[in-house]
Amino acid sequence: MGKFTYDTQISATFDDRLLAHLQIVIGTKLRRSEPFYFTWRDDASVGSGRTAVWMHAGATMTFKFHGSRQPKINRAWIEALTATADSPRGLYVVSEPQSVEAEQARVLLG
């Protein structure tokens, strides 16, 4: 499990694979000067609530991965996460859709 830290005070743990996808989406939005909310469900150990932070270019954030290898990136998941980030509700975690490559392989193998 990796860790996302925002302004050194707020943190959340995410699977390394998800965290890598979040890093791409967040980095892309901020590089384009597009601030947005990022919301996630809190772990039961911190009260099972929900946290929302305002993501902007001046915020300090850290993406700390547990593993050393970069996971394979699923373009369909990037697009799905970006769609949430572009909405008024802001970025939130959605399930990973099957990648186009995996779907094509499934069709070919019958």
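1. The model is predicted, so local features need pLDDT of at least 70 and side-chain atom pairs count only at pLDDT 80 or more, whereas totals for chains, interfaces and linings use all residues. Residues are numbered from 1 along each chain as its sequence is written, and side-chain values use heavy atoms, with hydrogens and water left out.

2. The protein chain contains three helices and five strands. Read from the N terminus, their order is β-β-α-β-β-β-α-α. Of the 110 residues, 35% are buried, where buried means under 20% relative accessible area, exposed means over 50%, and partly exposed lies in between (1.4 Å probe, protein chains only). The chain exposes about 7200 Å², and carbon and sulfur atoms supply 51% of that area; accessible areas come from the Shrake-Rupley method with a 1.4 Å probe, and for residues only the protein chains shown count as cover. A contact means heavy atoms within 4.5 Å. Among contacts between residues at least 6 apart in sequence, 55% join residues at least 24 apart.

3. Three salt bridges are found in the whole structure, a salt bridge being a side-chain nitrogen of Lys or Arg within 4 Å of a carboxyl oxygen of Asp or Glu. One of them joins the side chains of arginine 17 and glutamate 96, with an N to O distance of 2.5 Å. This pair links distant parts of the chain, 79 residues apart: arginine 17 belongs to helix α1 (residues 16-31), and glutamate 96 to the loop between α2 (75-85) and α3 (100-109). Arginine 17 is partly exposed at 25% relative accessibility, and glutamate 96 is partly exposed at 35%.

4. Which residues are linked in a network of salt bridges? They are Lys29, Glu34 and Asp86. Between lysine 29 and glutamate 34, the closest N and O atoms are 3.0 Å apart. Lysine 29 is buried, at 6% relative accessibility, while glutamate 34 is partly exposed, at 28%. Between lysine 29 and aspartate 86, the closest N and O atoms are 2.7 Å apart. Because lysine 29 lies in helix α1 and aspartate 86 in the loop between α2 and α3, the pair ties together parts that are 57 residues apart in sequence.

5. A pocket is found on a 1 Å grid over the protein atoms alone, as an open set of points where a 1.4 Å probe fits, with protein on both sides within 12 Å along at least five of seven lines; lining residues have an atom within 4 Å of a point. Grid points are joined across faces, edges and corners, and a volume is the space filled by probe spheres set on the points. The largest pocket has a volume of about 200 Å³. Its lining has 13 residues, and Ser11, Ala12, Thr13, Asp43 and Val46 lie nearest the centre. The elements giving two or more residues to this lining are β2 (10-14) and β3 (36-41).

6. The second largest pocket has a volume of about 150 Å³. Its lining consists of Thr39, Trp40, Arg41, Arg50, Arg89, Tyr92 and Val93. Strand β3 gives the most to this lining, with three residues.

Notes. Helix = DSSP H or I, 4+ residues; strand = E, 2+ residues; numbered from the N terminus.
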